[in-house]
Amino acid sequence: MAKWIIGIIVVVLLGGALWYSGWLGNKSMMQPSTTPTSTAQTTQPQAVAQPENGMAATNDTSDAALTQDTAAIDAQMQGLNSDSANIDSSMSDKETAQSY
Amino acid sequence: MKTLNYIFFLIALSLGLITLVPVVALAQTNVTGAVNTSAAVTTGNTGASVNANSSITLTAAEKTAITRGNTEIDRRSAALTDLNTRIQAMQKVTDAFKQGISASITAEINTLASLKAKIDADVDLATLKADIQSITSSYRVFALVLPQGRIAAAADREVTIVSMMSTLGGKLQTRIQAAQQGGADVTAMVTALNDIAAKLQDAQTQAEAAVTVSASLTPDNGDATKMKSNTAALTQARADIKTGATDLAAARKDVTSIIAGLASVKTTASASSTTQVSQ
């Protein structure tokens, strides 16, 4: 009977020592931290193709999206007109006559 | 038949995306090589930084020559700087390509700046005369690099628009299919959609051709035969760009007609349902 009592006391003391050292506390505190980690992994934003040059989202087929897309394209078309004019200008360039 | 049209459109879109890659790759290789030719401009020693012209007596004609030379150098520098800005805005090429071509243009600008500084600092008339004459000889490089860069930029823009219109085409296709499932007659819209696909495909081809014909040209350095062939190539490239622009304008009109058609279908359906409710 005394052996049992001594054994229980030893176990309690060991448990107390471990708790006091913080080992058990850290173990218990580490448990919850894994949950947010896994949650964060599952809630990371998925790679989505970004609309280019002011276009609406690629999966948006609404009237507003079509209007936005055509406006974005028109802006690029105007840019193309400018680019084309610049080609003409560069090809008709004349050097300032040098004299000496 | 409509199903075949849809399939054709999808194939055309796929081809457009596939051909996009070689255009970009082509631009990366050829244009870079061409612009590197700007290194042909040489100015010699530019070490003198003092106003050495005060040590020689300049005639009025010589002063006029210097002024004209500096004006021409400033004009070219401004044009190259503007081109450099446009190159930075190109979208369908890699950053490495842009940096490469930008570095070449910047080198040309720096060369011109050095030449201008050298002219201002020349200490003897013979050197001054040679430097002013080099402005004219270096023009052949400028006369090639500038249109080459402009053509590459325009081709990049056309490919960008092709990509944007392809995206829009997919959306229009979805809307047309929905309208068809609602019982609407979508024949005209499908025809326009197919025309968009064809026009985008050709615009892509034209942009690619413009880069192909122009990017590998090298300065003529006064060779009349080469000057003629370069001019012909640049003229062809410009024509390609214009054809591509015409294609894109036609495609844009098709977009307008389809959107109008979709609105008409919606209006008709709305009016029909209203009539049914009122009966």
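Predicted model: local features only at pLDDT ≥ 70, side-chain atom pairs only at ≥ 80, totals over all residues.
Trainee: Which residues of α3(B) and α4(B) meet?

Mentor: From α3(B) come I101(B), E108(B), L115(B), K118(B) and I119(B), and they meet L128(B), D131(B), I132(B), S134(B), V145(B) and G149(B) of α4(B). Sorted by class, the contact of α3(B) with α4(B) has 6 nonpolar, 2 polar and 3 charged residues.

Trainee: Why is α2(B) called roughly parallel to α4(B)?

Mentor: Helix α2 (residues 60-88) of chain B and helix α4 (residues 125-181) of chain B pack at an angle of about 20 degrees, with their axes 10 Å apart. Angles under 35 degrees count as roughly parallel, and therefore α2(B) is roughly parallel to α4(B). The crossing of α2(B) and α4(B) is left-handed.

Trainee: Which residues in α2(B) and α4(B) meet?

Mentor: On the side of α2(B) they include E62(B), A65(B), I73(B), R76(B) and L83(B), while among those of α4(B) are L128(B), I132(B), F142(B), L146(B) and R150(B). The residues of this contact divide into 11 nonpolar, 2 polar and 5 charged.

Trainee: Turning to the two chains, how many residues does the contact take from each?

Mentor: The contact takes 40 residues from chain B and 27 residues from chain A. On the side of chain B that touches chain A, α2, α4 and α6 (224-278) each supply at least two residues, and α4(B) gives the largest share, 25 residues. That side of chain B is made up of 20 nonpolar, 8 polar and 12 charged residues.

Trainee: Why is N53(A) called partly exposed?

Mentor: N53(A) has 15 other C-beta atoms within 10 Å; a residue is buried at 20 or more and exposed at 12 or fewer, so N53(A), lying in between, is partly exposed. N53(A) sits in the loop between α2 (23-42) and α3 (63-91) of chain A, and has a positive phi of about 55 degrees although it is not a glycine.

Trainee: How is chain A built, and what percentage of its residues count as buried?

Mentor: Chain A has 3 helices and 0 strands, and of its 100 residues 14% count as buried.

Trainee: Where in chain A is confidence lowest, and where is it highest?

Mentor: Chain A averages a pLDDT of 74, and 61% of the residues score at least 70. Confidence is lowest in α2(A), at a mean of 40, and highest in α3(A), at 97. Over residues 25-45 of chain A the pLDDT is below 50, and this stretch has 1 contact in the model beyond near neighbours in sequence.

Notes
Residues numbered from 1 in each chain as written. Chains lettered and ligands numbered in written order. Axes fitted to C-alpha atoms, helices over the stretch in contact; angles between N-to-C directions. Helix = DSSP H or I, 4+ residues; strand = E, 2+ residues; numbered from the N terminus. Parallel < 35°, antiparallel > 145°, perpendicular 65-115°, else oblique. Left-handed = near helix turned anticlockwise from the far one by under 90°. Contact = placed C-beta atoms within 7 Å. Nonpolar A, V, L, I, M, F, W, Y, C, P; charged D, E, K, R; others polar. pLDDT = per-residue confidence, 0-100.
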